[in-house]
Amino acid sequence: KISVVWWNWFDLGIVLSGVLDQWVAPMIVGAAHGSGAGLPVSANVLRTLRLLRLFRILRFLKLIRAFLQGDVAWLQSPAFEIFMSAIIATNAIVMSLELDYDWSGWKYVENTFLALYV
């Protein structure tokens with residue numbers, strides 16, 4: 001499908017503009033301060049490439065709109081409510097264990113719960 005291919009090329013352009021912004025811009029600043037490590041690229045070009053990121057955000061908003069307009073009736077099913085209740089109860093137990101036991105892996109457990117909640 002042509003729209004999918006176009007979005008892939010668009011994403012590549014945005015990533016490349018980010019690389020230019022993060023890696024090439026410091027070289028430009030280095031040239032401006034006389035360190036000799038700079039490249040002759042206009043800062044206006046980099047600012048223009050930053051605008052492409054805005055279009056990527058708009059694409060993300062389009063995906064959110066498609067998700068919100070989709071069928072989410074399964075969220076109100078008893079099975080999902082039981083599943084989420086079990087997750088919340090397990091999280092409460094884990095939070096109480098975090099107070100008693102010092103373990104470096106708690107952050108991974110909490111991030112797993114966060115992923116389930118989101």
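1. A definition to start with: a residue counts as buried when its relative accessible area is under 20%, and as exposed when that value is over 50%. Keep this cut-off in mind as you look at the model, which is a predicted one.

2. Let us begin with the whole chain.

3. Now for the surface. Of the 118 residues in the chain, 15% count as buried. The chain exposes about 9500 Å², and 70% of that area is supplied by carbon and sulfur atoms.

4. Contacts along the chain are worth a look too. Take the contacts with a separation of 6 or more: 49% of them are accounted for by residues 24 or more positions apart.

5. Please find helix 3 next, at residues 78–100. This helix has 23 residues. From its first C-alpha to its last it reaches 34 Å, close to the 33 Å expected at 1.5 Å a residue.

6. Which residues of helix 3 are buried? They are Met84, Ile87, Asn91 and Val94. Helix 4 is included in what covers them; you will find helix 4 at residues 106–117.

7. Asn91 deserves a paragraph of its own. This residue has its place in helix 3. Why does Asn91 count as buried? Its relative accessibility is 9%, and the cut-off for buried is under 20%. Leaving aside residues up to four places away in sequence, Asn91 touches Glu110, Phe113 and Tyr117.

8. Now turn to the largest pocket, which holds about 200 Å³ of space. Its lining is made up of Phe67, Trp74, Leu75, Phe80, Phe83, Met84, Leu116, Tyr117 and Val118.

9. Where does the lining come from? Helix 3 and helix 4 each supply at least two of its residues. The largest share, three residues, comes from helix 3.

10. Finally, two residues link the points above. Met84 is one of the buried residues of helix 3, and Met84 also lines the largest pocket. Tyr117 is among the residues that Asn91 touches, and Tyr117 is part of the pocket lining as well.

Definitions and conventions. Residues are numbered from 1 along each chain as its sequence is written. This is a predicted model: local features need pLDDT of at least 70, side-chain atom pairs count only at pLDDT 80 or more; totals for chains, interfaces and linings use all residues. Side-chain values use heavy atoms; hydrogens and water are left out. On a 1 Å grid over the protein atoms alone, a cavity is a set of points where a 1.4 Å probe fits but cannot get out, and a pocket is an open set with protein on both sides within 12 Å along at least five of seven lines; lining residues have an atom within 4 Å of a point. Grid points are joined across faces, edges and corners, and a volume is the space filled by probe spheres set on the points. Helices (H or I, at least four residues) and strands (E, at least two) are DSSP runs, numbered from the N terminus. The expected span of a helix is 1.5 Å times one less than its number of residues. Buried means under 20% relative accessible area, exposed over 50%, partly exposed in between (1.4 Å probe, protein chains only). Contact means heavy atoms within 4.5 Å. Accessible areas come from the Shrake-Rupley method with a 1.4 Å probe; for residues, only the protein chains shown count as cover.
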